[in-house]
Amino acid sequence: MPDDAYAARARQRTGTGIGLLLVLVLGAALLIALPDDDRRDDEGACAARTVGSWQADEGLTAEFARYGDDASRTDDWTGGDGTHSVRLPDGRVLWLFSDTYLGRVHGPPNPHGESYAWRDTTAPLVRNSAVLMRDGRLESTLPAPLFADPAPNQWRWPVAARVEPRSPGSSERVVRVLLWVRTAGASPWIYGVPTATEVATLSLPELRLESIVKVLDQQLVADPSRRVLFGTTLVEEGGWTYVFGGDDGQAASRPASHAYVARVPEGGLADPAAWRYWSGSAWVPGARPRPVLGDGQRKGVGSAFSVVRDAGTYVLFTMATGTKGLTTVASYWACSPEGPWHGPAKEFSPSLPQGQVAAYNPQAHPVLSGDGRLVLSYDVNWLETTGAAAQLSRNVSLYRPRFVTVRLAPAG
């Protein structure tokens, strides 16, 4: 899913690469519901944080391998990227993916005599999917794609999601899913030109798609490398949802992309009028957002990154800049979503399968974390110029998320 340019090139080689604007007036009731802007009473608790230690989470990685290899159904998830998760009120976890393989997986050996589970090269590949987990076990795949293409040569990638009130102050809860709309384009936009940020609403507990609303249209921004898509990660604090996003600077041959942030009062994600963007000095509606992280060189993010709040400090995980972005996760820290962001701090390189592969899209999963441990996923894809689709079918374990457990510690 949304990822660095390296992985985007890999996705393109798999064969697919992986308007209604609501203008509402916030009345007195919403003004009452708006959270207090003075939200950093505990800012004094903020201190530099970095990765203290990490280890592979073999259990979670194996669970996705088990589910993907299960041949009892022919219409379920067998591999994908763009890994995001959200816990539902009934305890289930909804996993969201971007480009996804469906179909049947065959046990080893593969047609080449290798000891890999494999899929036929004609297996369906859709732009997005959703899988349900209960009590740590993956159970079922929702009908895919969950979010239909908005127009010819366009598609939707789901990113971060949260359960929130249907509207500010409402007792009814729904799932909001941030969506990235991309449009097919020529090189260097082989993974699609950034087009718009949308918000989908799913009912509970049925997870029925009710609506999709466009919250930020970027088609009038002439330079595609300056277009910003929001939703790679969400952080909830003090009645606000902080929504992070990024541009696609890497596609324009810059070593690193820039990070941006918006905020929305709880219950307002599907209301474009409720969004406020950080302008560099204030939270403002409808203005061109200003970057909060990234110098285009040594500091910056991949187009998919993740932010968590730990002990009063915000910690951001992204693939490192430069060639290390193929293998290495870096982190930054700040005392507020808008920064200033410090780093990059300590880096680590999770394990990768053999072959011409890369890691990308590090995502935190707070719903599976606790007791001082943070679960982080990363996606894997094939990098060779030709034959990527064949390689991903020849060894189905390649195009699936891997997991690590991270423990954060004070930065030295």
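## A partly exposed arginine and its partner

Arg309 is partly exposed, with 32% relative accessibility (buried means under 20% relative accessible area, exposed over 50%, partly exposed in between; 1.4 Å probe, protein chains only). The model is predicted, so to speak of local features a pLDDT of at least 70 is needed, side-chain atom pairs count only at pLDDT 80 or more, and totals for chains, interfaces and linings use all residues. Residues are numbered from 1 along each chain as its sequence is written, and side-chain values use heavy atoms, without hydrogens and water.

Arg309 meets Glu237 in a salt bridge (3.6 Å, N to O), that is, a side-chain nitrogen of Lys or Arg within 4 Å of a carboxyl oxygen of Asp or Glu. The two sit 72 residues apart, Glu237 in strand 13 and Arg309 in strand 18 (residues 306-310); strands (E, at least two residues) are DSSP runs, numbered from the N terminus. Glu237 is buried at 8%.

Arg162 is buried, at 3% relative accessible area.

Strand 14 (residues 240-246) pairs with strand 15 in the antiparallel sense over seven bridges; pairing takes at least two DSSP bridges between two strands. Val243 has Ala262 of strand 15 as its bridge partner.

Val243 is also among the residues with the most contacts inside the largest nonpolar core, which has 26 residues. Such a core is a set of buried Ala, Val, Leu, Ile, Met, Phe, Trp, Tyr and Cys residues joined through side-chain atoms within 4.5 Å.

Terms used. Helix = DSSP H or I, 4+ residues; strand = E, 2+ residues; numbered from the N terminus.
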